Structure formats: structure tokens, C-alpha cells
Amino acid sequence: MNKTVLKRLLRFTKPYAPFIVLAFLCAFISVSCSLLVPVLIGDAVDLVVGMGQVQFAAMPKILLLLGLAIAGYTVFQWLMSYFTNVITYRTVKDLRLQVFQKLNQVPLKYIDGMPHGDIISRIAGDIDQISEGLLQGVTQLFTGIFTILGTIFFMVRANVYVALVVILLTPLSLFVASFIAKNSYKHFRSQMDTQGNLS
């Protein structure tokens with residue numbers, strides 16, 4: 001998808017900006033809670049020094065925080081999914097309505113001149129693909145950003161050298177992901193053309 005198409009698609013999401021903000025906040029809280037869980041487990045393990053040397057007095061507080069972190073992750077992950085679903089499906093609904101309005105305005109010569117399978121594929125298949133891509137994209141974008149930043153923060157606190165290795169290897173993984181995305185795009189277009197012909 002090129003930048004022009006992406007900008008046009010994002011314009012459809014503008015009416016749902018409050019839901020985007022809420023999804024963003026829920027992603028931040030859920031990722032923070034998920035990253036806090038292993039830290040709390042590590043703190044609990046540190047209190048178990050050896051046989052007869054368990055610090056029971058400090059355990060309840062850590063276990064309570066661990067329970068709250070897990071509950072917080074679950075609740076805010078669900079809320080983020082809800083808000084991203086609202087954004088996606090309302091955006092797709094608006095998109096479909098505009099497509100139907102456009103079809104009602106174009107001359108019959110245009111409809112007769114195009115393979116009907118292509119028209120059906122664009123209305124049904126392509127918009128479904130946009131829906132899936134938008135849903136996955138929004139969710140992965142929000143959680144991905146906070147997961148990367150939060151992980152780096154906790155790693156720097158735990159071990160600076162390990163954090164530096166991860167930071168140096170991250171651009172390589174981004175390059176590989178970009179390479180795969182660019183090379184799979186042409187195959188995706190070919191698949192949609194074939195689907196249109198089959199329809």
C-alpha cells in the first residue's frame with residue numbers, strides 16, 4: 001500500500017479519533033502491566049533465598065501487585081481490542097457506503113464494461129482485506145511501540161549491555177520485515193487479481 005492510499009484510508013478514521021486515543025491509552029496500560037509481571041515474579045524469586053530463608057512477610061505485597069498487574073493487562077487488553085474493533089468496523093462501514101453510492105452514480109456502460117467478478121471482488125474481498133489489515137495494523141502498532149519502549153526501559157534497568165545488543169539488532173529485524181513486506185506485496189496483488197477472475 002503506497003502513502004497516498006494510506007492517507008486516503010486514514011481520512012476515514014478521523015471521525016473515530018476519540019476511540020483511537022482510548023485504544024492508545026489502553027495499549028499503554030496493558031503493555032505496562034504485561035512487562036511488570038516478569039519483574040514482579042523476579043522480585044518474588046529473589047525473596048526465596050534457600051531452605052528456611054524465604055521472606056514470607058514481603059510475599060503478600062508482591063503477590064497482590066502481581067495479581068493486579070495480570071488483571072490490569074487482561075482488562076485493558078480487552079478494552080483495546082474493543083476500541084480497535086469499533087474503529088475498524090465503523091471505518092469499513094463508511095467505506096462500503098461510499099462504494100455503494102459511487103456504484104449508484106456511475107453509468108451502466110462502466111458496469112457492463114468491467115468483469116462483474118472484479119466489481120464483486122473489490123466491494124467484498126478488497127474491503128474485507130482492508131478491514132483485517134486495519135484491525136491488525138492498529139493493534140500491532142499500538143502494542144508494538146509500547147512493548148519496544150517498555151522492554152528497552154526494563155532491560156536498561158536490569159543490564160545495560162544486553163539492552164545495547166538488542167538495540168543494535170533491532171534495525172536488522174526491521175530491515176528484514178520491510179524486505180518481506182515489499183516482496184510479498186506483488187504476490188498479494190496477483191492473488192487478488194486471480195480471486196477477481198474466479199469471482
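Q: Where is Thr-13 found?
A: Thr-13 sits in the loop between α1 and α2. Helix labels follow DSSP runs numbered from the N terminus (H or I, at least four residues; strands are E, at least two). Helix α1 covers residues 3-11 and contains Arg-11. Bear in mind that this is a predicted model, where local features need pLDDT of at least 70 and side-chain atom pairs need pLDDT 80 or more, while totals for chains, interfaces and linings use all residues. Numbering starts from 1 along each chain as its sequence is written, and side-chain values use heavy atoms, without hydrogens or water.

Q: Why does Thr-13 count as buried?
A: The class comes from relative accessible area (buried under 20%, exposed over 50%, partly exposed in between; 1.4 Å probe, protein chains only). Thr-13 is buried because its relative accessible area is 9%.

Q: Which residues is Thr-13 in contact with, leaving aside neighbours within four places in sequence?
A: A contact is a pair with heavy atoms within 4.5 Å. For Thr-13, the partners are Ile-20, Ile-87, Thr-91 and Leu-134.

Q: How do I read another loop residue, such as Leu-47: what is its place?
A: Leu-47 lies in the loop between α2 (17-46) and α3 (59-105). With 12% relative accessibility, Leu-47 is classed as buried. Beyond its neighbours within four places in sequence, Leu-47 is in contact with Gln-53, Val-54, Gln-55, Ala-58, Met-59 and Ile-62.

Q: What about Ser-30: is it buried or exposed?
A: Ser-30, found in helix α2, has a relative accessible area of 0% and is therefore buried. Not counting residues up to four places away in sequence, Ser-30 touches Tyr-73, Phe-76 and Gln-77.

Q: How many residues separate Ser-30 from Ala-181 in sequence?
A: The two are 151 residues apart, and their C-alpha atoms are 28 Å apart in space. Ala-181 lies in helix α6 and counts as partly exposed, at 44% relative accessibility. From Ala-181 to Tyr-73, 108 residues along the chain, the C-alpha separation is 30 Å.

Q: Which residues form a nonpolar patch on the surface?
A: Patch members have over 30% relative accessible area and no salt bridge; nonpolar side chains (Val, Leu, Ile, Met, Phe, Trp, Tyr) are joined within 5 Å, like charges within 9 Å. A salt bridge puts a Lys or Arg side-chain nitrogen within 4 Å of an Asp or Glu carboxyl oxygen, and areas are Shrake-Rupley values with a 1.4 Å probe. Here the patch consists of Val-165, Leu-169, Leu-172, Phe-175, Val-176, Phe-179 and Ile-180, together about 720 Å² of accessible area. Leu-169 belongs to helix α6 (residues 160-198).
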